Amino acid sequence: MTGRDGDASNSAQAGQANDNQRTGEIVSGSPDNRVTLSVAGDLLFITVENEAGLNDVHACLAEGLARGVVRPNMLTLVDATKFHGIVEWEVMYDIFHLAPWGSAPPPESRVAYVARDGFLFQLVKIAAGIFPKANHRLFTDRSAALDWLMEAQSSV
């Protein structure tokens with residue numbers, strides 16, 4: 001975990017990290033503006049809330065890779081229905097350099113983004129350019145996003 005506001009933040013995040021070890025979740029950010037990463041089977045779930053930044057996404061993915069729970073070809077659902085922040089493009093490239101996303105064997109690497117409306121459409125298009133080995137799609141319905149992700153598993 002990375003602290004932004006000095007020792008108090010580092011201490012709070014260390015406590016959060018210990019709680020996360022028990023629950024199987026990885027969390028970065030503050031209670032109001034955070035990113036939560038969890039894995040269920042072969043599915044990776046990333047939830048971005050309020051004004052959480054991509055630095056928090058980066059921290060969660062880096063920790064997940066270090067723990068061995070995140071793999072570069074996981075079927076991923078990014079829930080951005082509560083996201084109201086900005087996108088830091090430099091950090092998006094840093095995330096690209098964390099791992100060879102989408103380059104592992106099948107199933108096809110897919111990332112489904114769930115948003116409250118078309119707000120993230122341009123983000124998804126740009127993400128597809130930054131991560132060309134994965135298939136990216138935007139949804140407004142979580143169950144439709146999960147169905148699309150599961151199609152990749154059944155095609156193997």
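These are my notebook entries on a predicted protein model, from its overall layout down to single residues.

**Ground rules.** In this predicted model, local features need pLDDT of at least 70 and side-chain atom pairs count only at pLDDT 80 or more, while totals for chains, interfaces and linings use all residues. I number residues from 1 along each chain as its sequence is written, and side-chain values use heavy atoms, with hydrogens and water left out.

**Layout.** I found five helices and six strands in the protein chain. Helices (H or I, at least four residues) and strands (E, at least two) are DSSP runs, numbered from the N terminus. I read their order from the N terminus as α-β-β-β-α-β-α-β-α-β-α.

I then looked at contacts, meaning heavy atoms within 4.5 Å. Of those with a separation of 6 or more, 69% join residues 24 or more positions apart.

**Inside or outside?** I looked up burial next (buried is under 20% relative accessible area, exposed over 50%, partly exposed in between; 1.4 Å probe, protein chains only). Of the 156 residues in the protein chain, 40% are buried. The chain exposes about 8,100 Å², and carbon and sulfur atoms supply 52% of that; such areas come from the Shrake-Rupley method with a 1.4 Å probe, and for residues only the protein chains shown count as cover.

**The cores.** In soluble globular proteins, nonpolar side chains tend to be buried together. A nonpolar core is a set of buried Ala, Val, Leu, Ile, Met, Phe, Trp, Tyr and Cys residues joined through side-chain atoms within 4.5 Å. The largest one here has 31 residues, and L37, I46, V48, L61 and I95 have the most contacts inside it. Among the elements that each supply at least two of its residues are β2 (34-40), β3 (43-50) and α2 (54-67). A second, separate core has eleven residues, including L75, L77, F139 and L149.

**Ring pairs.** How many aromatic pairs are there? Rings of Phe, Tyr and Trp (its six-membered ring) pair if their centres lie within 6.5 Å; planes under 30 degrees apart are stacked, over 60 edge-to-face and the rest tilted. I count two aromatic pairs by this rule. F139 and W148 form a tilted one, 5.7 Å centre to centre with 45 degrees between the planes. F139 is buried at 13% relative accessible area, and W148 is buried at 4%.

**One last look.** W89 sits in helix α3, and W89 is partly exposed, at 31% relative accessible area.
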